[in-house]
Amino acid sequence: MKKLAIYLSVIIVLFGALYVINQQSNSAKFSKYQNNAYGIAPEKLNPETLKQLDDPNYQNIILPASLDDKIAKKESFFLYYFSSTCVHCKAMTPILVPAAKSLSVDIKQFNLEEFKDGWNHYNITATPTLIYYKDGKEVERMVGEQNDAAIKAFLSKYKA
């Protein structure tokens with residue numbers, strides 16, 4: 001009986017140690033993302049969004065409150081609705097961002113994976129979706145994966 005108690009004690013201590021080590025590892029992994037663009041704790045972000053936090057193509061994130069503010073202030077701007085889990089978005093973003101830079105166009109990015117209310121709130125039916133807003137109102141949208149020429153034509157059409 002004594003041996004069983006000793007074995008159980010050793011097993012409990014080992015599992016406890018593994019738990020502590022795992023918690024420290026997770027804490028270190030997420031610590032650099034504590035102040036991310038989403039304002040969401042990194043452990044609550046979708047794993048695909050986490051992967052994009054260091055990607056230079058996903059650095060112009062806009063939050064719902066800021067977007068609503070731009071619309072309320074009747075600003076004119078481009079907005080890219082994407083989902084971090086969308087394969088078409090992952091293909092289009094590396095084309096869109098350099099195209100926008102080449103034309104000196106600022107495109108805000110809204111991640112529908114993290115802010116799911118955006119689908120209904122902004123009437124988005126598919127990703128990727130690129131919209132031009134003039135004076136806070138939608139003027140035109142491009143839905144679905146696009147090539148470089150189509151993106152540049154769209155951006156040039158509304159570039160200030």
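**Loop residues, a helix pair and the nonpolar core**

Asn123 sits in the loop between H5 (118-121) and S3 (129-134), where helices (H or I, at least four residues) and strands (E, at least two) are DSSP runs numbered from the N terminus. This is a predicted model, in which local features need pLDDT of at least 70 and side-chain atom pairs count only at pLDDT 80 or more, while totals for chains, interfaces and linings use all residues. Residues are numbered from 1 along each chain as its sequence is written, and side-chain values use heavy atoms, with hydrogens and water left out.

Most residues other than glycine have a negative phi, and most peptide bonds are trans. Ser104 is another non-glycine residue with a positive phi, of about 55°. Ser104 lies in the loop between H4 and S2 and is exposed, with a relative accessible area of 64%. Back in the loop between H5 and S3, where Pro128 is found, the peptide bond from Thr127 to Pro128 is cis, with omega near 0°.

Turning to the helices, H4 (residues 87-102) packs against H6 (residues 148-158) at an angle of about 45°, their axes 9 Å apart. Here axes are lines fitted to C-alpha atoms, for helices over the stretch in contact, and angles run from 0 to 180 degrees between N-to-C directions. That makes H4 oblique to H6, given that angles under 35 degrees count as roughly parallel, over 145 as roughly antiparallel, 65 to 115 as roughly perpendicular and the rest as oblique. On the H4 side, the contact (heavy atoms within 4.5 Å) is made by Met92, Ile95, Leu96, Ala99, Ala100 and Ser102; H6 brings in Asp148, Ile151, Lys152 and Leu155.

Leu155 turns up again in the largest nonpolar core, a set of 38 residues in which Tyr81, Ile107, Phe110 and Leu155 touch the most other members. Such a core is a set of buried Ala, Val, Leu, Ile, Met, Phe, Trp, Tyr and Cys residues joined through side-chain atoms within 4.5 Å. At least two residues each come from S1 (77-82), H4, S2 (107-111), S3 and H6, and S1 gives the most, with six. As for Phe110, its contacts beyond neighbours within four places in sequence include Ile62, Leu63, Pro64, Leu67, Tyr81 and Tyr122.

Definitions and conventions. Buried means under 20% relative accessible area, exposed over 50%, partly exposed in between (1.4 Å probe, protein chains only).
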